[in-house]
Amino acid sequence: MSKVTVVGAGNVGATVANVLAHRDIVKEIVLLDIQGNMAKGKALDTWQQAPIDHYSTYLRGTDNYAETAGSDIVVITAGVPRKPGMSRDDLISTNAKIVNSVTRSILEHSKSPIIIVVSNPLDVMTYAAFKTAGLPATKVFGMAGILDTARYRAFLAEALQVSPKDIQAVLMGGHGDTMVPLPRYTTVAGIPVTELIDEARLSAIVERTKSGGGELVNLMGTSAWYAPGAAAAQMVEAIVKDENRIFPCCVNLSGQYGLHDTFVGIPVKLGKAGITEMIELKLNADEMKLLHDSSVAVKSVMDVYDGMGL
Ligand SMILES: NC(=O)c1ccc[n+]([C@@H]2O[C@H](COP(=O)([O-])OP(=O)(O)OC[C@H]3O[C@@H](n4cnc5c(N)ncnc54)[C@H](O)[C@@H]3O)[C@@H](O)[C@H]2O)c1
Ligand SMILES: O=C(O)C[C@H](O)C(=O)O
């Protein structure tokens, strides 16, 4: 795996490229944006960081899809971010058209890349890219769960006064208010979190996690990019290094968890072929209901997308 294209050289896309370059695991990163000079400038800036931070990954920016030819992995971050007062779903009319046209243009030059979708509304944009690309579900999936889980883990680390490195957690469902953090699958250095924190504090953290994206939008007037960019880069790394790491990713479900034809986050293994396994946890009835409710919420926005007739 040597060539990665990141479409959208805005806040998230440029961060994905920068973080990934620092990993020094791919030969080349192409940063593509309709604002070609901005893409060229950010790629050049990150390339000029290479001698300082010691990596060999070459970066170039462009607005020309011909330069993405032969990409092994494509990360789609193109699209508008939300502003205070908006939901992610409010972005659908603009971003669905962008994600569709980006996916089509990518496939004109790369036959069968792995596509990681980041643009919002995430679950439905993953559906859009999947439908447009016509590639297997193992090759088209979305980034959200790593970010949502990271927020949950960061809040817990702060509350418990422990290193975030020691917190492991699983979070499922859509990337929105209906996401499903799972305290039963949360541990701190192997200790069940429920032994370390009382129920009220834990549920406050779960609620803060659910609105974690909105908290940042309210602070900055636009949405987050450092943790989102690092999360997408981590997915690329697992694929490039064929690690089979387990991450929550947004995937097309075809019967798993009793769900069909929907796109929500579940734990999967990521390796060289993309999704190498979908993991089915033994959820209890309450957890399963939350996951199904989340899928219903996502499906209603998938219907909006279908109604757009793109
Ligand atoms: N999945 C997640 O967890 C997550 C996290 C953060 C942001 N996001 C989403 O990622 C998207 C990008 O966020 P951002 O903060 O980087 O926004 P941004 O405005 O900084 O960057 C978006 C870039 O997309 C480019 N663009 C627009 N149309 C394009 C097209 N047709 N082809 C190529 N490039 C195009 C713009 O020129 C811009 O540079 C938003 O939709 C945001 O909601 C998702
Ligand atoms: O909240 C947003 O709009 C961006 C992203 O989905 C996030 O969770 O940071």
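**Figure 1. Overall dimensions of the predicted protein chain.** With 310 residues, a compact globule would have a radius of gyration near 19 Å, and the protein chain, at 19 Å, agrees with that expectation; the radius is taken over C-alpha atoms, and the globule rule is 2.2 Å times the number of residues to the power 0.38. The model is a predicted one, in which local features need pLDDT of at least 70 and side-chain atom pairs count only at pLDDT 80 or more, whereas totals for chains, interfaces and linings use all residues. Residues are numbered from 1 along each chain as its sequence is written, while chains are lettered from A and ligands numbered from 1 in the order in which they are written. Along its principal axes the C-alpha trace spans about 55 × 50 × 40 Å. The chain has 10 helices and 14 strands, these being DSSP runs numbered from the N terminus (helices: H or I, at least four residues; strands: E, at least two). Of the 310 residues, 46% count as buried, where a buried residue has 20 or more other C-beta atoms within 10 Å of its own, an exposed one has 12 or fewer, a partly exposed one falls in between, and C-beta atoms are placed from the backbone. Among contacts with a separation of 6 or more, 70% come from residues 24 or more positions apart; two residues are in contact if their C-beta atoms, placed from the backbone, lie within 7 Å.

Figure 2. The domain assignment gives domain 1 (3-142) and domain 2 (145-308), with bounds that come from an automatic or database domain assignment. The centres of domain 1 and domain 2, taken over C-alpha atoms, are separated by 21 Å. To their contact domain 1 brings 36 residues and domain 2 brings 36 residues. On the side of domain 1 that touches domain 2, the elements giving two or more residues are α1, β4 (73-76), α4, β5 (114-117), α5 and β6 (140-142). The residues of this side divide into 24 nonpolar, five polar and seven charged, where Ala, Val, Leu, Ile, Met, Phe, Trp, Tyr, Cys and Pro count as nonpolar, Asp, Glu, Lys and Arg as charged, and the others, Gly among them, as polar. In an unreviewed entry, UniProt places the feature "domain: Lactate/malate dehydrogenase N-terminal" at residues 3-142, and the UniProt annotation "domain: Lactate/malate dehydrogenase C-terminal", also from an unreviewed entry, covers residues 147-302; UniProt positions are given in the numbering used here, feature names are shortened, and annotations may be inferred rather than shown by experiment. The span 3-142 is 43% helix and 19% strand, with its end C-alpha atoms 19 Å apart, and the span 147-302 is 44% helix and 24% strand, with its end C-alpha atoms 22 Å apart.

**Figure 3. The surroundings of ligand 1.** Ligand 1 is surrounded by 34 residues, the closest being Gly10, Val12, Ala78, Asn120 and Pro228; a residue is counted as near a molecule if its C-beta atom, placed from the backbone, lies within 6 Å of it. Helices α1 (11-23) and α4 (92-109) each supply at least two residues of this shell, and α4 gives the most, with four residues. By type, the shell holds 18 nonpolar, 14 polar and two charged residues. Because both domain 1 and domain 2 give residues to the shell, ligand 1 lies between them.

**Figure 4. The surroundings of ligand 2.** Around ligand 2 there are 13 residues, of which the closest are Arg82, Arg88, Gly213, Ser223 and Ala224. Helix α8 (residues 212-220) gives the most to this shell, with four residues. The shell divides into six nonpolar, five polar and two charged residues. Ligand 2 lies between domain 1 and domain 2, because both give residues to its shell.

Figure 5. The UniProt annotation "active site", from an unreviewed entry, covers His175, which lies in the loop between β8 (171-172) and β9 (180-181). His175 is buried, because 28 other C-beta atoms lie within 10 Å. Not counting residues up to four places away in sequence, His175 touches Leu122, Asp123, Ala144, Asp148, Cys250 and Gly265. Leu122 lies in helix α5 (residues 122-133) and is buried, with 27 other C-beta atoms within 10 Å. With residues up to four places away in sequence again left out, Leu122 touches Val117, Gly142, Ala144, His175 and Cys250. The C-alpha atoms of Leu122 and Ala144 are separated by 7.2 Å, the two residues being 22 residues apart along the chain.
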